[in-house]
Amino acid sequence: MLHATGPLLTVDVGERTATETDIVDVLERTVGGRATATALAHDRIPFDADPFGPENRAYLSTGPLQQSQMSFTGRMNMTGLSPLTDGLVSSNAGGYLSRNFVSTGYSVLEVAGASDELLAVHVTDSGVEFEDVPELEGATVPETSAYLERERDLGAEHCIAIGPAGENLVRFASVMTFDSRAFGRGGLGAVLGSKNVKCVTFDGDVASPLEIPNPPEMDIHREAAQSDDLMRRQGTTGNTEFINENFSLPTRYFREYEFEGAAEIGGNAVEAKKYKKGACSACAYACKLPTRDEETGVETEGPEFETVYAFGAMQGVDEIVDVMRANELCDTLGMDTISAGVTVAAYLASEDAFGDAELAQELTEKIAYRDGIGDTLAEGVARCHDDLDVPDYTVKGLEFAAHDGRTLHGQGLSYAVANRGADHLYASMLSLEYAGALDPQGTLDKADALVARENNSAFQDSGIVCVFGSDYVTDDRLEALFDADQEELMAVGARTVERERHFNNRRGFDRDDDALPYDLPDLEDAIGEYYETRGWSDDGVVPSDAVESVSSGANADD
Ligand code: SF4
């Protein structure tokens, strides 16, 4: 089976050492990306680790397709123990980092330990350099990029960086690349912050190009370039009004299911502000959204649909420029727009201040600097809802994405059992329910579809193939690309989900954590069906002999 190549690079930022480990046997079994990082994290992060302790580790990993020039592959994976969910999370970002990462020759970067000084780590194909950067304390993401450009002649496409939110251990801080692309969910920016790592750069010239067999590559690239999908013009915002009409756009902190201002912040509104095409590396589909408001000078990339939801409908804000401004604030300060937007909405609910965009932006800044009430909100909804006296709309501590599980019941089931918490991309049951392939009503008899979707997502995140490329990078093309049949590919995804679950089980997660803050019909029976399909116990626990170790480490063979 095709897999990523190159050793694991372990950087201990406390000891300031860099070690290479041959992991070809791991890569052969796990392909790359999320599967490889999850396997390593499972074996090497102690089960009882503190997410903010030096014993936590952050993994940045590539799949094999990042060595090619194929469309839909300009993406990277990050994995670590989340300070928001307290379980293992993986997050995926686009941009232009992937080609620069593979050019260093490594398949995975593992960041271990914790530095006493704020640090930049420079990874090249001929070694690793540690640079103290006290002058970057409190710097925003673009300020950090400007420093690297000035001092190292490396553009933002060569680096990952955290903003003030990461330094201040905001539990939903993101890791940013290319200034505008986020490893958003689960607070991995705060993990780097706890290690005092401000940024990591990648520069080299040793990647061996991956020759994709024709015709799949040519077909994928040509079809992506010629597509007239609405998404190519409006990105993920193109479906805002459709989702709203389906009563699945949570509004005003989940008090309503549809937003009367959806058209003002949806696809047409975003497209009207778009001033040029945007893409990830080598992707002819080019669905990104560089936007600018000429009147105010506000400029950003996006907002994508989830930001339109979190800083628009969820807060009762119906002015697209306000959503653009909030999007830019989150990117600049380094925060996940979904968790930040929903947490701000929780505060607006507590103050009955929906629609106050100025207050929302003020709160967003305060969160990043843990200033005043921002210090409370920086903990996320699960930890601050009591103080605000609002319901806890999270699963496993992760704030909900849009696509309301109260309307799309299979998506609701997915939110309940996902190892990552209430994230829409963990299984994307929503696409089956919106398309009518599954009846959105009811939770029973959906376990087979849910397991298949989870496995498929986990494999895509390992390959790595963009979630928006499914109509082009079809199942048969994946089989040709990876020289493996569908069953083998999905087994890679299944083992990844199982490793995440096993790690979380060892931290104390069980059936009680697979819960929603609202009722759905037959939910407990449906969760039972899901466990049975996975082969897990009725308490949601993976059998102890089901997960094999792939590397040495704190938990190997435990
Ligand atoms: S489809 Fe869009 S998000 Fe995916 S790789 Fe291409 S440009 Fe990036």
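I began with glutamate 110, which forms a salt bridge (a side-chain nitrogen of Lys or Arg within 4 Å of a carboxyl oxygen of Asp or Glu) with arginine 57; their closest N and O atoms are 3.0 Å apart. I then placed the two ends: glutamate 110 is in strand E6 (residues 108-112) and arginine 57 in the loop between H2 and strand E3 (58-61), so this pair links distant parts of the chain, 53 residues apart. For these names, helices (H or I, at least four residues) and strands (E, at least two) are DSSP runs numbered from the N terminus. Glutamate 110 has 0% relative accessibility and counts as buried. Buried means under 20% relative accessible area, exposed over 50%, and partly exposed in between, with a 1.4 Å probe and protein chains only.

I noted the basis of the entries: this is a predicted model, in which local features need pLDDT of at least 70 and side-chain atom pairs count only at pLDDT 80 or more, while totals for chains, interfaces and linings use all residues. Residues are numbered from 1 along each chain as its sequence is written, and side-chain values use heavy atoms, with hydrogens and water left out.

How many salt bridges does a search of the whole structure find? I have 38 written down. One of them joins arginine 34 to glutamate 500, with 3.1 Å between the closest N and O atoms. Arginine 34 lies in helix H2 (residues 33-44) and glutamate 500 in helix H22 (residues 486-506), so the pair ties together parts that are 466 residues apart in sequence. I checked burial at each end. Arginine 34 is buried at a relative accessible area of 0%, and glutamate 500 is buried at 3%.

I also found both residues in a network of salt bridges that links Arg34, Arg185, Asp336, Arg420, Asp423, Asp461 and Glu500.

Next I took aspartate 219, which forms a salt bridge with arginine 222; the closest N and O atoms are 3.1 Å apart. Both residues sit in helix H7 (residues 216-226), three residues apart, or about one turn of the helix. Arginine 222 is partly exposed, with 43% relative accessibility.

**Entry: helix H18**

Why is H18 (residues 409-417) largely enclosed by the rest of the structure? I counted nine of its nine residues as buried, so the rest of the structure largely encloses this helix. The buried residues run from His409 to Val417, with Leu413 and Tyr415 among them. I looked up what covers them, and the cover includes strand E15 (394-395), helix H19 (429-435), helix H20 (447-463), H22 and helix H23 (523-534).

I followed alanine 447, which is in helix H20. Alanine 447 is buried, with a relative accessible area of 5%. Its C-alpha atom is 8.9 Å from that of leucine 413, 34 residues away along the chain. Leaving out residues up to four places away in sequence, alanine 447 touches (heavy atoms within 4.5 Å) Glu529, Tyr530 and Thr533.

**Entry: lysine 273**

I found lysine 273 in helix H11 (residues 267-273). Beyond four places in sequence, the contacts of lysine 273 are Pro290, Thr291, Arg292, Asp293, Ile320, Val321 and Met324.

**Entry: backbone angles**

Most residues other than glycine have a negative phi, and most peptide bonds are trans. I listed some exceptions.

The peptide bond from glycine 302 to proline 303 is cis, with omega near 5°. Proline 303 is in the loop between strand E14 (299-301) and H12. Another cis peptide bond joins glycine 463 and isoleucine 464, with omega about -5°. I placed isoleucine 464 in the loop between H20 and helix H21 (475-482).

Phenylalanine 72 is in the loop between E3 and strand E4 (76-81). Arginine 370 also has a positive phi, near 50°. I found arginine 370 in the loop between helix H15 (357-369) and helix H16 (373-377), and at 22% relative accessibility arginine 370 counts as partly exposed.
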